[in-house]
Amino acid sequence: MTVNVTPKPLTAEAFAPYGDVIEVSGAPDMIINQGMCGRHHDRANVDFGEGRAGISLFDAKARSLPMTVALVERHPLGSQAFVPITGVPMIVVVAAAGETPGPIEAFISQPGQSINLHRNTWHGVLTPLDRDGQYIVIDRIGDGNNLVEHWFKEPVIIDVPQ
């Protein structure tokens, strides 16, 4: 049986069970650099366990909707953040933490939004919408297996929003 999921806008409230939406909102927490820069402080709960933070650059091929999701993955040893460099919206596919994924949800980011996935949150791969995208990925570097994949037996289709 095919599972169809309609993506919704990415908001901090809707995404909270899975991670953090990293974005500039409201007034800065502090003004720095001789008054020339507003700092929006501590916007994500990064978690690297026994590892260290790593910053990598990713080039991801464009996808379009409707889209089939073949697998989700999770990282049991640390969080993972996706920060778009090119401003391309992305489809964010997630499911609750657990041995197997819970119900799939999907979100569409807006320019200026990044995400930080909590440790063990099931998620889809980097998915820029309609054109290729480049990303800074901040995640755990260290010993141990920090990747678990779950391949779906039945198709999961991310539909075009209405």
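How much space lies in the largest cavity? I looked it up in the predicted model and found about 60 Å³.

**Ground rules.** I number residues from 1 along each chain as its sequence is written. The model is predicted, so local features need pLDDT of at least 70 and side-chain atom pairs pLDDT 80 or more, while totals for chains, interfaces and linings use all residues, and side-chain values use heavy atoms, with hydrogens and water left out.

**Cavity.** I took a cavity as a set of points, on a 1 Å grid over the protein atoms alone, where a 1.4 Å probe fits but cannot get out; lining residues have an atom within 4 Å of a point. Points are joined across faces, edges and corners, and the volume is the space filled by probe spheres set on them. I count 1 cavity of 30 Å³ or more.

I then listed the lining: Phe82, Met90, Ile91, Val92, Val93, Ile115, Leu117, His123, Gly124, Val125, Leu126 and Thr127. β9 (91-95) and β11 (114-117) are the elements that give two or more residues. β9 gives the most, with 3 residues. Strands here are DSSP E runs of at least two residues, numbered from the N terminus.

By type, the lining has 9 nonpolar, 3 polar and no charged residues. Ala, Val, Leu, Ile, Met, Phe, Trp, Tyr, Cys and Pro count as nonpolar, Asp, Glu, Lys and Arg as charged, and the others, Gly among them, as polar.

**Arg74.** I found Arg74 in strand β7 (residues 67-74). Is Arg74 buried or exposed? Arg74 is buried, at 9% relative accessible area (buried is under 20%, exposed over 50%, partly exposed in between; 1.4 Å probe, protein chains only). Beyond its neighbours within four places in sequence, Arg74 is in contact (heavy atoms within 4.5 Å) with residues including Trp122, His123 and Asn146.

Definitions and conventions: 1 Å grid on protein atoms, 1.4 Å probe; cavity = no way out; pocket = protein on both sides within 12 Å on 5 of 7 lines; lining within 4 Å. Helix = DSSP H or I, 4+ residues; strand = E, 2+ residues; numbered from the N terminus.
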